[in-house]
Amino acid sequence: VPWHHHTESEEILFCTGGRGRVHLAKQGVQRIIDFVPGVAVHVQPTVRHRIENLDKKEPLCLAFVLSPPLEVAQFQATPQ
């Protein structure tokens with residue numbers, strides 16, 4: 001998933017399978033979190049983030065929740 005942010009929604013990402021990384025960037029500081037099954041990541045509103053799959057053979061599977069939720073038309077990545 002490319003770099004993007006959600007203006008008014010916070011997001012919870014939960015890894016259900018595979019192996020990846022979540023990249024978070026706020027005010028010039030970047031944090032990288034290993035994303036493996038059982039790991040949850042909280043992304044605050046306006047924080048730029050991207051999700052990277054580290055395994056070319058196995059898909060990275062995740063569940064996510066946005067609060068407040070977005071309408072389908074609003075759910076688009078915002079390029080940097």
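What you have is a predicted model, where local features need pLDDT of at least 70, side-chain atom pairs count only at pLDDT 80 or more, and totals for chains, interfaces and linings use all residues. Residues are numbered from 1 along each chain as its sequence is written, and side-chain values use heavy atoms, with hydrogens and water left out.

Let's begin with the sheet. It is an open one, built from 3 strands in the order 3-2-5 with antiparallel pairing. Strands here are DSSP runs (E, at least two residues), numbered from the N terminus, and two of them pair if DSSP finds at least two bridges between them. Strand 3 (29-35) and strand 5 (48-53) stand at the edges with a single partner strand each, so one side of each has no neighbour in the sheet. On average, neighbouring strands are turned by 15° against each other, direction ignored; the axes behind that angle are lines fitted to C-alpha atoms, and angles run from 0 to 180 degrees between N-to-C directions. As for the pairing itself, strand 2 (residues 20-26) is joined to strand 3 by 7 bridges. One of the pairs to look for is arginine 21 with its bridge partner in strand 3, aspartate 34.

Now stop at glutamine 30, which lies in strand 3. Its relative accessibility is 46%, so glutamine 30 counts as partly exposed (buried means under 20% relative accessible area, exposed over 50%, partly exposed in between, with a 1.4 Å probe and protein chains only). Its side chain makes a polar contact of 3.1 Å with that of histidine 23. Such a contact is a pair of N or O atoms within 3.5 Å; within protein, one must be able to donate a hydrogen and the other to accept it, and residues adjacent in sequence count only if both atoms are side-chain atoms.

Over in strand 5 sits histidine 49, and this one is buried, at a relative accessible area of 1%. The side chain of histidine 49 has a polar contact of 2.9 Å with the side chain of glutamate 11. A polar atom of the histidine 49 side chain also lies 2.9 Å from the backbone oxygen of valine 47.

One last stop: arginine 48 lies over the face of tryptophan 3, 4.6 Å from the ring centre. A charge sits over a ring if NZ of Lys or CZ of Arg is within 6 Å of the ring centre and within 35 degrees of the ring normal.

Definitions and conventions:
Helix = DSSP H or I, 4+ residues; strand = E, 2+ residues; numbered from the N terminus.
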